[in-house]
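Please read it alongside the sequence and the coordinates.

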Amino acid sequence: MGVDGITDVAGVRVGHASRVGDGWLTGTTVVLAPEGGAVASVDVRGGGPGTRETDALDPRNIVPRVEAVVLTGGSAYGLAAASGVMAWLEEQGRGFRVGPDPAQVVPVVPAAALFDLGRGGDFRARPDAAMGREAAAAAAASASGAPVAAGNVGAGTGAVCGAMKGGVGTASTVLPSGTTVAALAVVNAAGSGVDPTTGALYAELPGAAAGGLPGPEVHAAALRRLVAAREETARRFAASARPPLNTTLAVVATDAVLGKAQAQKLAGSAHDGLARAVRPAHLLSDGDTVFALATGARPLLSPDTATPDPAFAVHQEAGALNEVFAAGADTLTRAMAKALRTAESIDGPGGTFPSYTDLYTPA
């Protein structure tokens, strides 16, 4: 039985590095592929992305596999964390081989950043190469299939969702075929994760949480607290004087055999899951980015079920791919719900951001 996280895809590991206090409220998360890498692609739909090496993931381009994906705070400055991951991978001899010596590698490290500048009080407190190296080493040191820390960790340390605290969440799904599809999300959205009429998380509609919808009095009290928190944050950080800048980041992983074009389609389909959990999504002030990783450990079709008829085989493969794509969207939605449920309230010099759990737990 797995941990209901992205590490349920065999060989995938996750490491976080976080900084809190003395002006800091930020961090970096590294999703490390199995040795030898994973087929990877990306779909960027936000209007204000901060990314690195995403062009290498285009199916038309040469890089066949990547060893790691970096999700980081710090906006474009935080992309420096990927340099530390790149250096760490080179030391391990992991990367795109460019010479006869096995040590002659160029690690391709796709990365995306979210905006959390100043949320700890110091605008210059942001991830760097050392933080990226720390997160990569933490991922490598973790056990195979280990649970993934969630909430206010790694890239989710300073994440917010509207006026509410955001964070890291992860989930996994095992299809009837045995294929695993999993997701890790860092929820840091300009939009809201909460239905304004009921207080339910969008990611849990219909039916909301297992315990049912929040009562109307609880919801009304939560709305009052959110308004007060928004006003206090504006007072402390002059947030009203500039537009909100955010970005939700995600990695969707599977053990299925996928090509780069199919991985790109998985990343694109997963954006549907993002848009179910946060409304509105993909705004100009967001940089919403979803990466896809495919380790290739499991064929899409088992030899027992694959048809020998080439004409029908195309439809059979398409059906198997559709199951993976649909699961990617559903699993990302669930990962985002878990991010919002595990996030913890913060109240610091950069603002006041209550968590969903604190808002909707009756006194």
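1. Pro280 is placed in the loop between α4 and β14 (289-298). The model is a predicted one, and in it the peptide bond from Arg279 to Pro280 is cis, with omega near -10 degrees.

2. The loop between α4 and β14 also holds His282. The phi angle of His282 is near 60 degrees, a positive value in a residue other than glycine. His282 is partly exposed, its relative accessible area being 25%.

3. A positive phi also occurs at Asp22, where the angle is near 55 degrees and the residue is again not glycine. Asp22 belongs to the loop between β1 (13-21) and β2 (24-32). With a relative accessible area of 80%, Asp22 is exposed, because exposed residues are those over 50%.

4. Helix α4 covers residues 260-277, 18 residues in total. From first C-alpha to last, α4 reaches 26 Å, close to the 26 Å expected at 1.5 Å a residue. Its buried residues include Lys260, His271, Gly273, Leu274 and Ala277. Also among them is a run of Leu266, Ala267, Gly268, Ser269 and Ala270.

5. Which residues does Thr333 contact, leaving aside its neighbours within four places in sequence? They are Ala203, Gly273, Arg276 and Ala277. Thr333 itself is in helix α5. Its relative accessibility is 7%, so Thr333 counts as buried. Two of its partners, Gly273 and Ala277, are among the buried residues of α4.

6. Ala313 is likewise a residue of helix α5 (residues 310-342). Ala313 is partly exposed, at a relative accessible area of 24%. Between Ala313 and Leu301 there are 12 places in sequence, and their C-alpha atoms are 9.6 Å apart in space.

7. How do helix α1 (residues 81-91) and helix α2 (residues 129-141) cross? Their axes come within 6 Å, at an angle of roughly 50 degrees. The two helices are therefore oblique to each other, and the crossing is right-handed. On the α1 side the contact is made by Ala81, Ser83, Gly84, Val85, Ala87, Trp88 and Glu91. On the α2 side the contributors are Ala129, Gly132, Arg133, Ala136, Ala137 and Ala140. By class, this contact comprises 8 nonpolar, 3 polar and 2 charged residues.

Technical notes. Residues numbered from 1 in each chain as written. Predicted model: local features only at pLDDT ≥ 70, side-chain atom pairs only at ≥ 80, totals over all residues. Heavy atoms only, no water. Helix = DSSP H or I, 4+ residues; strand = E, 2+ residues; numbered from the N terminus. Expected span 1.5 Å × (residues − 1). Buried < 20%, exposed > 50% of the residue type's maximum accessible area, 1.4 Å probe, protein only. Axes fitted to C-alpha atoms, helices over the stretch in contact; angles between N-to-C directions. Parallel < 35°, antiparallel > 145°, perpendicular 65-115°, else oblique. Left-handed = near helix turned anticlockwise from the far one by under 90°. Contact = heavy atoms within 4.5 Å. Nonpolar A, V, L, I, M, F, W, Y, C, P; charged D, E, K, R; others polar.
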